[in-house]
Amino acid sequence: MHLVPDAKDLLRILLITAGHLLLMTWGLKLVTPEQGISLMWLPDGYLLACLVLTPPRLWPALLGILSLSVFGFEAWMTDRQASMILSFLAANLLESAGGA
């Protein structure tokens, strides 16, 4: 068992991250102006499925790269404060990782 991701593993992580960001783009379009939350949040279900299908040895790298990219993406696309982005990020990642 090797702990360092190889090129194939990194490609898998990058593709999962790209899919997650695409679903986030769609989910952010479903945000209700009154409540400031999305009617449905597909990236969580997608991440859960990806974690179930990905070897657990890749989870730390996947969740780390995903955390950085999601934080940067939300900081760029929304007007939320960093603390709110981190709260949503932690809740969403823990929900998916806990389900897997």
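User: First up, is Met-40 buried, partly exposed or exposed?
Analyst: Keep in mind this is a predicted model. Met-40 has 43% relative accessibility, so it counts as partly exposed; that class sits between the 20% and 50% cut-offs.

User: Where is Met-40 found?
Analyst: In the loop that links α1 (7-29) and α2 (42-53).

User: OK, helices now. At what angle do α1 and α2 pack?
Analyst: About 165 degrees, and their axes are 8 Å apart. The angle is over 145, so α1 is roughly antiparallel to α2.

User: Which hand is the crossing?
Analyst: Right-handed, for α1 passing α2.

User: What about Leu-47, buried or exposed?
Analyst: Buried, because its relative accessibility is 1%, and the cut-off for buried is under 20%. Leu-47 is in helix α2.

User: How far is Leu-47 from Asp-6, C-alpha to C-alpha?
Analyst: 21 Å, with the two residues 41 apart along the chain.

User: Switching topic: which helix has Leu-86?
Analyst: Helix α4, which covers residues 82-99. Leu-86 is partly exposed, with a relative accessible area of 47%.

User: And what separates the C-alpha atoms of Leu-86 and Phe-71?
Analyst: A distance of 7.2 Å, while along the chain these two are 15 residues apart.

How values were computed: Residues are numbered from 1 along each chain as its sequence is written. This is a predicted model: local features need pLDDT of at least 70, side-chain atom pairs count only at pLDDT 80 or more; totals for chains, interfaces and linings use all residues. Side-chain values use heavy atoms; hydrogens and water are left out. Helices (H or I, at least four residues) and strands (E, at least two) are DSSP runs, numbered from the N terminus. Buried means under 20% relative accessible area, exposed over 50%, partly exposed in between (1.4 Å probe, protein chains only). Axes are lines fitted to C-alpha atoms, for helices over the stretch in contact, and angles run from 0 to 180 degrees between N-to-C directions. Angles under 35 degrees count as roughly parallel, over 145 as roughly antiparallel, 65 to 115 as roughly perpendicular and the rest as oblique. A crossing is left-handed if the near helix is turned anticlockwise from the far one by less than a right angle, and right-handed if clockwise.
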